[in-house]
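I opened my notebook for another browse through a fold. Here is what I looked up, in the order I went.

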Amino acid sequence: MSMTGDAQRSSAASGDDDMPDIVDIIMEMGDDDYGSPPPLPAIANPNLPAHLEALAGRARDYIEAASSANTRRAYAADWKHFSSWCRRQGIEMFPPDPQVVGLYIAACASGTATGDKKPNTVSTIERRLSSLSWNFAQRGQPLDRKDRHIATVMAGVRNTHASPPRQKEAILPEDLIAMLETLDRGTLRGLRDRAMLLLGFAGGLRRSEIVGLDVGRDQTEDGRGWVEIFPEKGLLVTLRGKTGWREVEIGRGSSDATCPVVALQTWLRLARIAHGPLFRRVAGQGRAVGADRLNDQEVARLVKRAALAAGVRGDLSEGERAKKFAGHSLRAGLASSAEVDERYVQKQLGHASAEMTRRYQRRRDRFRINLTKASGL
């Protein structure tokens, strides 16, 4: 490790998939709005011919499109955290030194990385490590995570501090029905919120996937997918995710009151939306529909607000209940309540492994299957 000068400290201040399904892990972190995603590290080549500068800019756009805005926000926050720690310790960030990263991991686990003396959880440290790997790689200086200074320290942190994951509460069907009753059907905002809740639950969609939808294909530059309604069958949602395109089939419900297709059709018809973003801001006391796409944070706020209004988990205090629900509660709810073969749930959620799908199955009736009696005792 070497000491840094003023120039190096100044440089440090300015500053995808290493973890399984990091999109879901980041979504589980919470629902604070960190603002717009920061710019990526500059890609500079002084020897690049002038006529290729425009192409380099286009390449940068593609690099930015390789990860979601939420992922980039998290990676940027973690990079800032690491660079601030290095600056306070008088340690150089470049080239990436596994021993420095190992010390940083130890500081995060022991609560000495920042002045608040609050230790990071194992999942947070793993995310920070993934963020460092990504950021160093983007700067052309890859970090060797298998180096003993990192791998051994990380193994010790897991063995010492690992605890059960703190996941968001699953919204079960009876909860969702109660939440729908709290919405005002006489306003466009109420109809929009109803469609978002039902579509998000039935499709097992992430909040960013819900608000990223357009009415039809290739209608907006920032769209992440579109819907296609089949009058008799249901609707097909086509999504652009981190691993490519996938399709999600959403069938009609058993009644119009709980049918996501009916809810979506009603919203589109009364809001007079035929092109562009599917879910938009509503102003004028819930009666005027804007042109702008809804922010994904609004989905999280909607779930939390409706769950509290419906009295979901009324056995808990108000403060505890407020922390239980977020946008991922809809996704977890489908996984926890759908009585079908697990592989169908895995496909609906777009998970690469059954293990990730099982993380979402959070049944409150934990003794529904009694293996004691099933074994003959």
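**Set-up**

I am working with a predicted model, where local features need pLDDT of at least 70, side-chain atom pairs count only at pLDDT 80 or more, and totals for chains, interfaces and linings use all residues. Residues are numbered from 1 along each chain as its sequence is written, and side-chain values use heavy atoms, with hydrogens and water left out. My helices (H or I, at least four residues) and strands (E, at least two) are DSSP runs, numbered from the N terminus.

I then followed the bridges. β1 and β2 (residues 225–230) run parallel and are joined by two bridges. Leu-213 sits opposite Gly-225 of β2, and Asp-214 sits opposite Trp-226 of β2. β2 and β3 run antiparallel, with six bridges between them, and a hairpin of three residues connects β2 to β3. Gly-225 also has a bridge partner in β3, namely Leu-239.

The axes are lines fitted to C-alpha atoms, for helices over the stretch in contact, and angles run from 0 to 180 degrees between N-to-C directions.

Helix α5 (residues 98–110) and helix α6 (residues 122–138) have axes that come within 10 Å and cross at roughly 150°. In contact (heavy atoms within 4.5 Å) I found Val-101, Tyr-104, Ile-105, Cys-108 and Ala-109 of α5 with Ile-125, Arg-128, Leu-129 and Leu-132 of α6. By class, this contact has eight nonpolar residues, no polar ones and one charged (Ala, Val, Leu, Ile, Met, Phe, Trp, Tyr, Cys and Pro count as nonpolar, Asp, Glu, Lys and Arg as charged, and the others, Gly among them, as polar).

**Helices α9 and α14**

Next I checked α9 (residues 188–203) against α14 (residues 328–337): the axes come within 7 Å and cross at roughly 50°. This pair is therefore oblique. Met-196, Leu-197, Gly-200, Phe-201, Ala-202 and Gly-203 of α9 meet Leu-330, Gly-333, Leu-334 and Ser-337 of α14. Six of the residues in this contact are nonpolar, four are polar and none is charged.

**Aromatics**

How many aromatic pairs does a search of the whole structure find? It finds 10. I looked at Trp-79 and Phe-82: the ring centres are 6.1 Å apart and the planes lie at 45°, so the pair is tilted. Rings of Phe, Tyr and Trp (its six-membered ring) pair if their centres lie within 6.5 Å; planes under 30 degrees apart count as stacked, over 60 as edge-to-face and the rest as tilted. Both residues belong to helix α4 (residues 69–89), three residues apart, about one turn of the helix.

**Backbone details**

Most residues other than glycine have a negative phi, and most peptide bonds are trans. I jotted down the Phe-94 to Pro-95 bond, which is cis with omega near -5°; Pro-95 is in the loop between α4 and α5. Lys-117 is not a glycine, yet has a positive phi of about 55°, and lies in the loop between α5 and α6.

Terms used: Parallel < 35°, antiparallel > 145°, perpendicular 65-115°, else oblique. Pairing = 2+ DSSP bridges.
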